[in-house]
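Work through the exercises below with the sequence and the coordinates at hand. Each task is followed by its solution.

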Amino acid sequence: MSDYNFAYLDEQTKRMIRRAILKALAVPGYQVPFASREMPMPYGWGTGGVQVSAACLVPEDRLKVIDQGADDTTNAVSIRRFFERTAGVATTGRTRDATLIQTRHRIPEEPLTRDQILVYQVPIPEPLRFLEPRETETRKMHSLEEYGLVHVKLYEDIARHGQIATSYAYPVKVEGRYVMDPSPIPKFDNPKLESAAVQLFGAGREQRIYALPPHCKVVSLDFEDHPFEASKADHACDLCGSATSYLDEVIVDDAGGRMFVCSDTDYCETRRDAGHLGRLSASGPVTTGQEDAA
Amino acid sequence: MYVAVKGGERAIENAHAWLAEERRGDPAVPELSVAQIRAQMALAVNRVMAEGSLYDPDLAALAIKQARGDLIEAVFLIRAYRTTLPRFGSSRPVETADMRCDRRISATFKDAPGGQVLGPTFDYTHRLLDFKLAAEGEVPPAPQADTQPGAVPHITDFLNRDGLIQTEEPSNAAPPDLTRQPLEFPANRALRLQALTRGDEGFVLGLAYSTQRGYARNHAFVGELRIGRVAVEMEVPELGFAIQIGEVELTECETVNQFAGSKTEPAQFTRGYGLVFGQTERKAISMALVDRALRWRELGEDDLGAPAQDEEFVLSHCDNIQATGFLEHIKLPHYVDFQSELELVRRLRAEVAAGKEAAE
């Protein structure tokens, strides 16, 4: 793969993307249009995140790629390999060792530091999209700060279900100005959006980049009498015993038996290495699901 | 435990190896060569070049082979390759009036200077399976005629001489580049045509058909359809003049559409335009119809709310590489978002159940 430039994209393209990133950091939560390129993986499979990562990577970086919190899901493997090949950067599964983390649908449990960049893959960057399908209209609504529609939607949820029925991609307001889609992370992760790390959001197909600079104020939309609540399954991890991490529910037998495990595989492993035990830790051959599964 | 999407590198490698084997098919059957695909699957090659927006029949044939005949996958391969190519510059606009036509028909005039040439068309073939082809027989050579000398002027030019058709104002403005700038609305016509020419044939065909069935009907006649080769010229700054750098085959379709006129403007025909790489006439005609439908504002027509009139709808959804990628991404694991929905639905149900119990 030595025929390609470092991290695949040519330097002109990277420069164009970096400009968009800088603009996005300067106007937190604002969706900056950028001339997204066709990548050698399909639109919708992380092309936005890949382009942002490619524009940020330097040879000294140590890259971590997660999908649904896990380093070993197929698409995370595929993207990590892409950068191993085209950029030759070191990779890691350890959150704390990574300088750049590309993610889909999760924020790592371990708090990030000022020396890290978190790159999100974004399918639909527009938080108003399912209220108003037209880009021309939603851009107008953002510029006029006309966000009543979102609140009406949340209110209708309460009227119909007794609570806000948005459980992922939960909209946030950034620095009191732009309403932003945090990508389809579970709302459990929303409080982690206020972070010491630089957070960049790339939507390739929709040609948008947006960003949260470190320690930027990010407020999940809610009402005084229905405050935002970061919810998760009411269990502890069956492998590491953590009661505070986001859990995946896994069906383990034909009778519908199930277990709960951390969605953040690195977090779970680190805890187990440190001797933490869960309900099923000693009960048999349950492994982490890391290997040899296919 | 659930591990179907976990298992990493080895699973991916094995899947790729299996795919390669399936692509080759039964090794007892001779392998297709790229040259065979290029020569004998020419219309597939054309579609891949058009929607891949890269004029290179050999690479398109290779992509079709690699994609096992899945043309959208082949288009994707070409697009991903195209985007890595350096830009040397822009060609001069091609002169389709100077096209060496293999096919040239008009549905509006029985005859015109340059004549009507049917060319290699499926039109008027009876769609009966030709079992002789299964026996792999060679075909006898087609009768030949000398090319007719003289220019083949555009038929709409004749209409324009009498002022019967709306004049397209020439412009020297550099057209925007869909592949180098993010798509933003409103788009100008050049950008719309750019998106349509590489848009999915099926999608553009469906939209064009919808206009014929009354969703913003614009009553199109094929004023002219021509297919043939045109010279591509480029101005080289060091030389100070244009040189021919190659030739491309194009299909051009100009439709003549009805226009009622208004109190201030006398009745006049209007136009739609389609221009596509290769012999791709279904696409070129479809493009012309959709182009015409999208011009409602410029021509002072009403917005009838038809899909084909809606620039944002058409342009945002006509690209099959974007569409197929996003559609197929739902195969990727979504268990984190699904888990959050699962918990929510359980909680909502539990609350309803608790409410009922309390009521009883």
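**Exercise 1.** Compare the radius of gyration of chain A with that of a compact globule.

Solution. For 294 residues, a compact globule would have a radius of gyration near 19 Å, and chain A agrees because its value is 20 Å. The radius is taken over C-alpha atoms, and the globule rule is 2.2 Å times the number of residues to the power 0.38. Along the principal axes, the C-alpha atoms of chain A fill a box of roughly 60 × 55 × 35 Å.

The model is predicted: local features need pLDDT of at least 70, side-chain atom pairs count only at pLDDT 80 or more, and totals for chains, interfaces and linings use all residues. Residues are numbered from 1 along each chain as its sequence is written, and chains are lettered from A and ligands numbered from 1 in the order in which they are written.

**Exercise 2.** State how many residues of each chain are in contact across the A–B interface, and describe the chain B side.

Solution. Contact requires C-beta atoms, placed from the backbone, within 7 Å. On this basis 41 residues of chain B touch 51 residues of chain A. Helix H13 (335-359) of chain B is among the elements giving two or more residues. H13(B) supplies the largest share, 11 residues.

Note on methods: Contact = placed C-beta atoms within 7 Å. Helix = DSSP H or I, 4+ residues; strand = E, 2+ residues; numbered from the N terminus.
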